[in-house]
Every structure is written in C-alpha cells, then in structure tokens.
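Student: I'd like to learn how to read aromatic contacts in a structure. Can you walk me through a case?
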Amino acid sequence: VPTLFPHRIQFPHRLDLSHSPTPVKRLHRLSEKLGVEVWIKRDDFTGVLTTGNKVRKLEFLAAEAKRAGADTLITCGGIQSNHARATASVAAGLGMKSHLILRGDSPQTAEGNLLLDRILGADITFVTHEEYQQREAVFARIEDQIQRDGHTPFSIPEGGSNATGAWGYIRAVEEIRTQEKTLGLTFDSIVHAVGSGGTSAGFIAGKKMFGLGAHIYGVNVCDDKDFFTKKIISIGQELSREYRLAEIAEEEINIVDGFVGQGYAKSTPEELRQIVELARLEGVLLDPVYTGKAFIGMCQTLTQDKGFFGNRILFIHTGGLFGVFSKSEEFSQVL
Ligand SMILES: Cc1ncc(COP(=O)(O)O)c(C=O)c1O
C-alpha cells in the first residue's frame with residue numbers, strides 16, 4: 001500500500017465545524033520549572049460547545065453522515081463523555097437529531113457534559129456497564145427504532161475513533177507543520193491524552209504523510225499500553241483498507257503507561273492539586289479525566305528523565321473542561 005505524498009493527499013469530505021487552526025503558545029514559566037521548552041496547542045479552543053479534540057473527528061464523521069442522507073447521529077460513551085456532548089452539539093448545529101448511549105445510571109441532577117447533552121436536546125439511553133460491553137446490540141436496537149420513526153440514523157463509534165474520525169488529527173498534523181514553519185522551529189515531541197485511540201492514530205498517520213519530525217507520545221487515561229497498541233494498529237488497518245494509507249506499525253506507537261491512577265475518570269487529590277497548580281502558574285485549565293492525567297504523565301516522566309521527550313515538547317490540550325464542573329466538590333477540597 002503506497003503512502004501518499006503531501007501534494008497528492010486527498011482529504012475525505014469535511015464540514016467546517018471547528019475553530020481552527022488552534023493557537024500554539026509557549027508556556028514560559030512551566031518551561032523554566034521543568035527545564036525543557038513546553039508549548040501547548042489549544043485544541044480546547046476548537047469551539048464553545050464543541051470544545052476539544054472530538055470536533056476535529058466529527059468534521060469528517062458528520063460529513064460522511066450527511067452524504068449518507070442521515071438526519072440522526074447516534075454515539076456512545078460514559079455519562080460525562082466529551083465526545084457524546086460534542087456530537088449532540090454538532091447535530092444541533094447541523095439541524096440533525098442525536099441519540100446518545102451513555103454508560104451508567106441516570107442521575108437525579110444532570111451536571112457537566114450530561115447537562116449540556118440535555119440542553120442540546122439529545123435523546124439519551126442509559127445502559128449498564130454490562131450492556132455497554134455488548135453495545136453493538138444497543139446500537140442496532142436504536143437504529144431500528146429511529147428507522148421505524150421515519151428517520152435515518154448514522155452510528156459513530158466510541159470517541160469517534162475509526163478511520164474517518166482519524167482524519168481529524170491527520171489534518172491537525174498539517175496544521176502543526178504550518179505552525180512550525182511560521183514559528184521557525186520544530187517540535188521534538190507531541191504529548192497527548194489517549195482515551196479511545198483515534199487522536200493517536202491520526203497523529204501517527206499524519207506524521208508520515210506530512211513529514212512531521214516530532215515523536216508522538218500518548219498517555220493512556222484508561223486500559224493499558226497493550227490495549228491501545230492493538231486499537232491504534234486496527235485503526236491503521238482501517239485507514240489502509242478504506243483510504244489506501246500506510247498501516248501503523250507497533251514501533252510507531254509510543255504509549256506512556258502508568259498514569260491511569262485510580263481508574264478512568266477517578267481523581268486523586270494530588271492529581272487535582274497539579275491541575276490547580278498549572279492553572280495558577282500559566283492560566284491554563286486542564287480537565288481531570290484526560291488532559292490532567294496526560295500532563296501529570298508528562299511531568300513525572302520528565303522528573304525521572306529530563307531528556308525523555310527531547311528539548312521542545314508540544315502538549316495538546318484536547319479539551320474536556322466541562323469535566324471540571326462534575327468534580328466541584330473534589331476540587332473544593334484541594335483549594
Ligand atoms: C478531552 C479529551 N481528551 C482526550 C481524549 C482522548 O482522545 P481519543 O479518544 O482520540 O484517544 C478524549 C476522548 O476520549 C477527550 O474527551
């Protein structure tokens with residue numbers, strides 16, 4: 001399978017839904033503290049209700065849905081899923097409906113992303129952890145129901161992480177290459193949070209397509225290195241099958257494991273304290289579920305080996321800020 005060269009890269013259809021290019025800024029005080037240059041790419045600025053990495057994927061996924069004649073987007077995630085909220089927002093913005101399959105019990109009061117899902121008018125089906133493991137059956141049931149109601153559904157997998165969604169971060173690599181040229185520098189490493197693997201797959205595929213020199217490091221916030229290595233390879237195989245891109249080899253994947261902490265979406269007071277510390281040092285707010293853990297993984301790795309990521313790091317702020325508001329009590333205890 002040939003790798004395409006930049007002048008021949010044909011992107012799939014895309015809807016222009018994100019505010020991009022997102023800014024890249026140097027974090028001066030943090031760089032001084034850590035002893036290496038740390039920059040940040042503000043993908044938390046991709047939009048207000050669409051904030052974060054998910055809208056980059058949804059630009060391609062929603063374009064595919066529209067071309068397939070769909071009027072309803074179905075997707076899934078945890079109760080506080082950023083991807084589900086971004087999907088509900090994109091659907092509303094395009095005059096479509098959305099149906100979210102959320103893992104967990106319906107709470108008495110909706111907070112954070114779930115509150116936004118409701119405001120945005122998403123239909124929600126709550127499922128148990130066991131049902132979520134067999135979610136293909138739930139998707140099939142809801143697709144059926146939507147069709148019976150005279151509508152046309154389009155199903156998007158967890159996190160928007162498939163070949164089509166990965167184009168969002170292939171495109172982000174093109175953006176970063178342009179920003180490197182404008183700034184007159186190159187990054188040694190890119191560090192980002194990994195939750196379902198699509199962002200990593202896009203970065204790794206895009207690196208080859210646009211000749212990005214930076215090594216790509218993903219800090220997993222759930223599961224483990226082995227799980228995500230397999231997942232990213234499988235998205236690479238899909239990219240090869242569906243778009244004739246080169247596959248992703250195991251050697252190209254760098255997962256920095258060991259920072260899941262107490263589990264997905266669970267925070268320790270120390271983790272929250274580090275989020276607060278960065279907010280006060282740089283005025284940059286990270287989220288507790290994804291970017292906070294990725295940031296802590298980066299900092300702790302640097303403490304053990306200052307040269308691990310090279311001299312100039314680009315940390316990707318993939319959003320998730322509404323997650324802060326679902327942990328207001330826990331945050332209050334560390335303030
Ligand atoms: C804020 C945020 N950052 C990072 C990620 C991880 O991205 P991906 O699912 O593509 O691995 C997600 C979603 O899982 C997210 O919501």
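This is a predicted model: local features need pLDDT of at least 70, side-chain atom pairs count only at pLDDT 80 or more; totals for chains, interfaces and linings use all residues.

Student: Which class does F210 fall into, buried or exposed?

Tutor: F210 has a relative accessible area of 11%, so it is buried.

Student: And how do I count ring pairs?

Tutor: Two rings pair if their centres lie within 6.5 Å. Here that rule gives 12 aromatic pairs. Take F11 and F210: their ring centres are 6.3 Å apart and the planes meet at 20°, so this pair is stacked.

Student: Where do F11 and F210 sit in the chain?

Tutor: F11 is in the segment before β1 (24-26), while F210 belongs to helix α8 (residues 198-210), so the pair ties together parts 199 residues apart in sequence.

Student: What does an edge-to-face pair look like?

Tutor: For that label the planes must be over 60 degrees apart. F308 and F309 qualify because their planes are at 80°, with the centres 4.8 Å apart. F308 is partly exposed at 35% relative accessible area, whereas F309 is buried at 1%.

Student: Which residues do ring pairs link into a cluster?

Tutor: F11, F60, W167, F210 and Y243 are joined that way.

Key: Residues are numbered from 1 along each chain as its sequence is written. Side-chain values use heavy atoms; hydrogens and water are left out. Rings of Phe, Tyr and Trp (its six-membered ring) pair if their centres lie within 6.5 Å; planes under 30 degrees apart count as stacked, over 60 as edge-to-face and the rest as tilted. Helices (H or I, at least four residues) and strands (E, at least two) are DSSP runs, numbered from the N terminus. Buried means under 20% relative accessible area, exposed over 50%, partly exposed in between (1.4 Å probe, protein chains only).
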